[in-house]
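Hello,

Here is the structure for you to look through. My notes follow it.

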Amino acid sequence: MPRYHNINGVRVQFTAEEEAARDAEEKAWQDGELDRLLDSLRQKRNRLLADTDYFALSDVTLADNMKTYRQQLRDLTSGLDTVDKVNNVTWPTKPS
Amino acid sequence: MATYKSIRYSPLIGPGQVLLKTITASSSSNLQFTQGITSEYKEYLFVAAGFHPEESNKVPQFQVSTDGGSSYGVTATTAFHVVEHAEDGSADNVYYQASQDIQNGTGFQSFAEGTGNENDSCMDGYLHIYNPAGTTHVKLFHTSMMCQRNSAMAHGKASGYFNTTNAINAVKFQLSSGNIDAGTISMYGLN
């Protein structure tokens, strides 16, 4: 399927060179998808860890279930080497 | 006395804001404004409405040109962050998206997360560029774009500058890949 620009409302078909350039651009973006997803996941994971940091203060006793939860968050990215794995990651449940 | 069928109101659009051009996507790889960006206005506003991708989770992007649209790739330094919330409460996040900012580079700037391609999904938002025709300062911009995907909302905000003192005279919008199925972008000059 040929691609088309829309330049000021006028439909203009891509040249062969433009098609090749766009193919390369789209491939580069696709190749970076795993990194982008992991970036988002780490941002959320880090925030969840920060939310429970005060449980780990030296003058607070860290309950085992909280210790497990925080470790599960730290381990969350382990083995996430495909886009599908990142999209289907199971987040640990925060202890009540 | 005139009879009006509807009243259209946008908090973005008001007196002193002049509609210069609206481009409607129709299976378009990109939308380009290569005319009308001049020194007549000190600020330009691009409003995207009903932006709908052909494929799911494609990210809207833009770049600018100083040669009338012959090439797009002006060096930029930008920041990009997102707030999101899912219908089931599973995603309530604010995060900086380091993989989609630009550090002194020439790539296209993302200005939202990807949206779904379901019939009821779309992206809406805007881009402001300040004094694009100026030849003294770098060109500052900021964007705000909302989308819906995977039963969640995401609001992306990008800001930064194009590191050029040449006049910017064209803007190009595209998706990270695939076509823009439908939607419009309107260009306004702001007095």
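**How chain A meets chain B**

The contact (heavy atoms within 4.5 Å) takes 20 residues from chain A and 35 residues from chain B. This is a predicted model: local features need pLDDT of at least 70, side-chain atom pairs count only at pLDDT 80 or more, and totals for chains, interfaces and linings use all residues. Residues are numbered from 1 along each chain as its sequence is written, chains are lettered from A and ligands numbered from 1 in the order in which they are written, and side-chain values use heavy atoms, with hydrogens and water left out.

Now the area. About 2000 Å² is buried between chain A and chain B, and carbon and sulfur atoms give 37% of it. Buried area is the accessible area (1.4 Å probe) that two parts lose on being put together, summed over both. On the side of chain A, Asn6(A), Asn8(A) and Trp29(A) lose the most area to chain B. Together they make up 32% of what that side buries.

The term means a side-chain nitrogen of Lys or Arg within 4 Å of a carboxyl oxygen of Asp or Glu. Arg47(A) and Asp92(B) form it, with their closest N and O atoms 3.8 Å apart.

Which elements of chain A give two or more residues to the side that touches chain B? They are strand E1 (4–7), helix H1 (16–31) and helix H2 (33–51). Helices (H or I, at least four residues) and strands (E, at least two) are DSSP runs, numbered from the N terminus. H2(A) gives the most, with six residues. By class, this side of chain A has four nonpolar, seven polar and nine charged residues. Ala, Val, Leu, Ile, Met, Phe, Trp, Tyr, Cys and Pro count as nonpolar, Asp, Glu, Lys and Arg as charged, and the others, Gly among them, as polar.

**From strand to strand**

E1(A) runs parallel to strand E2 (residues 30–33) of chain B, and three bridges join them. Two strands pair if DSSP finds at least two bridges between them. Ile7(A) stands opposite Gln32(B). In turn, Gln32(B) has Lys172(B) in E11(B) as its bridge partner. E2(B) and E11(B) run antiparallel, joined by four bridges. Strand E4 (residues 60–65) of chain B is also antiparallel to E11(B), with six bridges. There, Gln61(B) stands opposite Gln174(B).

Why is strand E11 (residues 170–175) of chain B largely enclosed by the rest of the structure? Because six of its six residues are buried. Buried means under 20% relative accessible area, exposed over 50%, and partly exposed in between (1.4 Å probe, protein chains only). Ala170(B), Lys172(B) and Gln174(B) are buried on one side of E11(B), and Val171(B), Phe173(B) and Leu175(B) on the other.

**Two loops in chain B**

Asn104(B) lies in the loop between strand E6 (92–96) and strand E7 (109–110). Its phi is positive, near 50°. Asn104(B) is exposed, at 52% relative accessibility.

Gly134(B) sits in the loop between E8 and E9. Gly134(B) is buried, at 11% relative accessibility.

Best wishes
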